[in-house]
Amino acid sequence: MKKFFFAIFAVIAFTLASCEKGIDIMSLDASQFDNTEFKCWKFTIKNAGIMNGTMYAWDTEYNIIRTLQTAYLTSGKKAVVSYEATSEEDPERCDAMNNW
């Protein structure tokens with residue numbers, strides 16, 4: 001019975017994750033975000049054509065927002081984008097999280 005419930009929870013979690021809406025990246029004013037502190041950022045771009053998937057970058061929040069805004073505009077305003085800071089504190093390990 002436990003396995004059945006875990007299976008149901010897994011399906012629900014997968015369904016919720018696939019309904020990700022992203023953020024309205026163009027409503028963000030990049031100049032209002034930090035451009036000095038570097039962190040490991042996880043960002044996702046979907047429906048953008050050539051640049052799709054989840055990537056990690058050691059950068060400032062300002063630069064991540066500008067990158068996502070460019071991807072959004074380049075895609076003809078069709079891309080769904082999102083980003084979040086990770087807990088990784090090493091630039092090389094951050095870059096190593098990419099599946100190149």
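## Ile 25 and its neighbours

Let's start with Ile 25, which touches Ile 65, Leu 68, Gln 69, Tyr 72, Val 81 and Tyr 83, leaving aside residues up to four places away in sequence. Keep in mind as you look around that this is a predicted model.

Gln 69 has 7% relative accessibility and so counts as buried, the limit being under 20%. Beyond residues up to four places away in sequence, Gln 69 is in contact with Ile 25, Met 26, Leu 28 and Ala 30.

## The largest nonpolar core

Ile 25 turns up again here. The largest nonpolar core has 16 residues, and those touching the most other members are Ile 25, Phe 43, Ile 45, Ile 64, Leu 68 and Tyr 83. Two or more residues of this core come from each of β1, β2 (53-59), α2 and β3 (80-85). Helix α2 gives the largest share, 5 residues. As a general background, nonpolar side chains tend to be buried together in soluble globular proteins.

## The disulfide

Which cysteines pair up? Cys 40 and Cys 94 form a disulfide, with 2.2 Å between their sulfur atoms. The count for the model is 1 disulfide. The link of Cys 40 and Cys 94 is right-handed, with 80 degrees about the S-S bond.

Cys 40 belongs to strand β1 (residues 39-46) and Cys 94 to helix α3 (residues 91-96), so the bond ties together parts that lie 54 residues apart in sequence. Cys 40 is buried, at 0% relative accessibility, and Cys 94 is buried at 0% as well.

Definitions and conventions. Residues numbered from 1 in each chain as written. Predicted model: local features only at pLDDT ≥ 70, side-chain atom pairs only at ≥ 80, totals over all residues. Heavy atoms only, no water. Disulfide = S-S within 2.5 Å. Helix = DSSP H or I, 4+ residues; strand = E, 2+ residues; numbered from the N terminus. Buried < 20%, exposed > 50% of the residue type's maximum accessible area, 1.4 Å probe, protein only. Contact = heavy atoms within 4.5 Å. Core = buried A, V, L, I, M, F, W, Y, C linked by side-chain atoms within 4.5 Å.
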